[in-house]
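Student: I have not seen this structure before. Could we go through the terms used for it and see what each one rests on?

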Amino acid sequence: MNDLHMHSRYSDDGEFPPEELVRQCAETGIKVMSIADHNSLRSTEEAMCAAEKEGIRYIPGVEIDCTLNRSNFHVLGY
């Protein structure tokens, strides 16, 4: 199982610290994960260290909030 789109407490709509997200992924059998916080890479180092300990492949990610012609977009980058 994979989950490549979740947010940590470093996003306005996130709740948990990166280490807790990694723990939850390990408990549910997720083998590949990415935290794609809004406009922030703050969770990357914490999550990578925790994922390595849990045997989870971690892919650094970010969700960039953009506006074009008064329309809002969210661009995911991995």
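Tutor: Start with a cut-off: a residue is called buried when its relative accessible area is under 20%, exposed when it is over 50%, and partly exposed in between. Keep in mind that this is a predicted model.

Student: Why is Thr 44 called buried?

Tutor: Its relative accessible area is 13%. The limit is under 20%, so Thr 44 counts as buried. Thr 44 lies in helix α2, and, leaving aside neighbours within four places in sequence, it is in contact with Tyr 58 and Pro 60.

Student: Which residues of α2 are buried?

Tutor: Thr 44, Ala 47, Ala 50 and Ala 51 are buried.

Student: What makes them line one face of the helix?

Tutor: Looking down the axis of α2, the buried residues fall within an arc of 140°, so they line one face. An α-helix has 3.6 residues a turn, so residues three or four places apart point the same way. On the other side of α2, Glu 45, Glu 52 and Lys 53 are exposed.

Student: What do the buried residues of α2 pack against?

Tutor: They pack against α1, β2 and β3. After α2 comes Gly 55, with a positive phi near 75°.

Student: How do you know that β1 and β2 pair?

Tutor: Pairing asks for at least two bridges between two strands. Strand β1, residues 2-6, and β2 have 3 bridges, in the parallel sense, so they pair. Asp 3 stands opposite Met 33 in β2, and Met 6 stands opposite Ile 35.

Student: What makes β2 and β3 a pair?

Tutor: Here there are 2 bridges, again in the parallel sense. The requirement is at least two, so β2 and β3 pair. Strand β3 covers residues 57-58, and its Tyr 58 is the bridge partner of Met 33.

Student: In what order do the strands lie in the sheet?

Tutor: The 3 strands form an open sheet in the order β1-β2-β3, with parallel pairing. β1 and β3 are called edge strands, as each pairs on one side only. Helix α1 packs on the sheet, where it touches β1 and β2, and its direction makes about 155° with that of β2.

Student: Which way do the residues of β2 point?

Tutor: In β2, residues 32-35, Val 32 and Ser 34 point one way, while Met 33 and Ile 35 point the other way; all are buried. The chain reaches β2 from β1 by way of helix α1, residues 18-27, in a right-handed β-α-β crossover. A right-handed β-α-β unit is also made by β2, helix α2 (residues 44-54) and β3.

Student: How many disulfides are there?

Tutor: A search of the whole structure finds 0.

How values were computed. Residues are numbered from 1 along each chain as its sequence is written. This is a predicted model: local features need pLDDT of at least 70, side-chain atom pairs count only at pLDDT 80 or more; totals for chains, interfaces and linings use all residues. Side-chain values use heavy atoms; hydrogens and water are left out. Buried means under 20% relative accessible area, exposed over 50%, partly exposed in between (1.4 Å probe, protein chains only). Helices (H or I, at least four residues) and strands (E, at least two) are DSSP runs, numbered from the N terminus. A crossover is right-handed if, with the strands pointing away from the viewer, the path from the first strand over the helix to the second runs clockwise. Contact means heavy atoms within 4.5 Å. Axes are lines fitted to C-alpha atoms, for helices over the stretch in contact, and angles run from 0 to 180 degrees between N-to-C directions. A disulfide is a pair of cysteine sulfur atoms within 2.5 Å. The arc is that of the directions from the helix axis to the C-beta atoms.
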